[in-house]
Amino acid sequence: MNFSPLPSVDAASVPADALVLDVREDDEWTAGHVEGALHVPMSGFVARFGEVTEAVAERGRAFVMCRVGGRSAQVTQYLVQQGFDAVNVDGGMLAWDGAGRPMVAESGSPAFVL
């Protein structure tokens, strides 16, 4: 088998207007997420695959994110194998927060990474 390296980028390099695909679960999303991100939990990813492919077709490259980068790496690999332009965000939401990138919470209270 031929394994190519997974395309990845650090959180500080994600463009402000990028399509961020957040694959964390609902409780993680509610605590804090990137404003405007598309939330498709990994557990429901296959069922919502059409929604993801539409967003990628419309907005271009998907920057896939989870808490630390493991789940998003799996989703990124799957998308790339299907021929989509996707990159894994190294370090996930923890790196995003660490880079001082903006986050919002569903509750309106200060956002944090769960």
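The model is predicted, so local features need pLDDT of at least 70, side-chain atom pairs count only at pLDDT 80 or more, and totals for chains, interfaces and linings use all residues. Residues are numbered from 1 along each chain as its sequence is written, and side-chain values use heavy atoms, leaving out hydrogens and water.

Let's start with the sheet. Five strands form an open sheet in the order S1-S5-S4-S2-S3, with parallel pairing. Its edge strands, S1 (8-10) and S3 (38-39), each pair on one side only. Strands are DSSP runs of E with at least two residues, helices are runs of H or I with at least four, and both are numbered from the N terminus. Two strands pair if DSSP finds at least two bridges between them. S2 (residues 19-22) and S4 (residues 62-65) are joined in the parallel sense by four bridges, and Asp 22 stands opposite Met 65 in S4.

Angles run from 0 to 180 degrees between N-to-C directions of lines fitted to C-alpha atoms, for helices over the stretch in contact.

| Helix | Strands | Angle |
|---|---|---|
| H2 (residues 49-59) | touches S2, S3 and S4 | about 165° with S2 |
| H3 (residues 70-81) | lies across S2, S4 and S5 (86-90) | about 165° to S5 |

Arg 24 counts as buried because its relative accessibility is 0%; the cut-off is under 20% relative accessible area (1.4 Å probe, protein chains only). Leaving aside residues up to four places away in sequence, Arg 24 touches residues including Trp 29, His 39, Met 65 and Arg 71.

Notes: Contact = heavy atoms within 4.5 Å. Buried < 20%, exposed > 50% of the residue type's maximum accessible area, 1.4 Å probe, protein only.
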